[in-house]
Amino acid sequence: MLHVLGDMLGSVGAILAAGVILLTGWMPVDPILSVLVALLISWVDAARKRAIEERDQMLIREQDARRAAEAANRTKDEFLAMVTHELRTPLSVIKGWAGMLLAGKVEGEAADVALQTIKRNAEIQQHLIDDLLDISRIANGKLRVQARKT
């Protein structure tokens with residue numbers, strides 16, 4: 001009988017059928033019932049294999065998603081480091097000249113140069129901040145474009 005089940009189900013099904021017979025001491029007498037038990041065992045084994053394959057595929061998708069998220073996070077960190085540097089550069093110039101002006105260390109024509117430098121670097125910083133806000137609006141789908149004649 002087990003060799004018939006083995007032919008129908010393969011080795012895993014035959015092992016399961018033998019386990020059922022050994023554990024329960026039950027051996028179906030009716031050939032139709034034997035086939036039904038064999039089919040049930042085969043179906044359970046196939047469902048188990050499908051569940052294992054689905055789990056493995058989900059694990060692969062999760063690992064891919066994790067790698068993509070980590071790469072995006074690294075890119076974001078690199079972007080923030082670059083933006084921080086670009087914002088600090090004009091700010092350092094502004095602070096330096098403003099400190100010298102307040103301390104009275106710069107007078108006359110040099111004071112005019114200091115004020116022009118402060119103004120120019122403030123405009124640079126404003127341009128950088130405007131660009132960052134535009135990037136944010138683009139990312140959120142809220143950028144409004146106005147056409148102008150040139």
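Which residue forms a salt bridge with Asp 45?

1. Basis. This is a predicted model, in which local features need pLDDT of at least 70, side-chain atom pairs count only at pLDDT 80 or more, and totals for chains, interfaces and linings use all residues. Residues are numbered from 1 along each chain as its sequence is written, and side-chain values use heavy atoms, with hydrogens and water left out.

2. Asp 45 and Lys 49. The partner is Lys 49, with the closest N and O atoms 3.6 Å apart. A salt bridge here is a side-chain nitrogen of Lys or Arg within 4 Å of a carboxyl oxygen of Asp or Glu. Both residues lie in helix α2 (residues 31–102), four residues apart, so about one helical turn separates them. Helices are DSSP runs (H or I, at least four residues), numbered from the N terminus. Asp 45 is buried, at 6% relative accessible area. Lys 49 is partly exposed, at 42%. The cut-offs are under 20% for buried, over 50% for exposed and in between for partly exposed (1.4 Å probe, protein chains only).

3. Arg 66 and Glu 62. These two form a salt bridge with a closest N to O distance of 2.7 Å. They also sit four residues apart in helix α2, about one helical turn. Glu 62 is partly exposed, at 33%.

4. Lys 119 and Glu 123. Their side chains meet in a salt bridge at 2.6 Å, N to O. Helix α3 (residues 108–140) holds both, four residues apart. Lys 119 is exposed, at 51%, and Glu 123 is partly exposed, at 41%.

5. Network. Salt bridges with shared partners join Asp 45, Arg 48 and Lys 49 into one network. The whole structure has eight salt bridges.

Terms used. Helix = DSSP H or I, 4+ residues; strand = E, 2+ residues; numbered from the N terminus.
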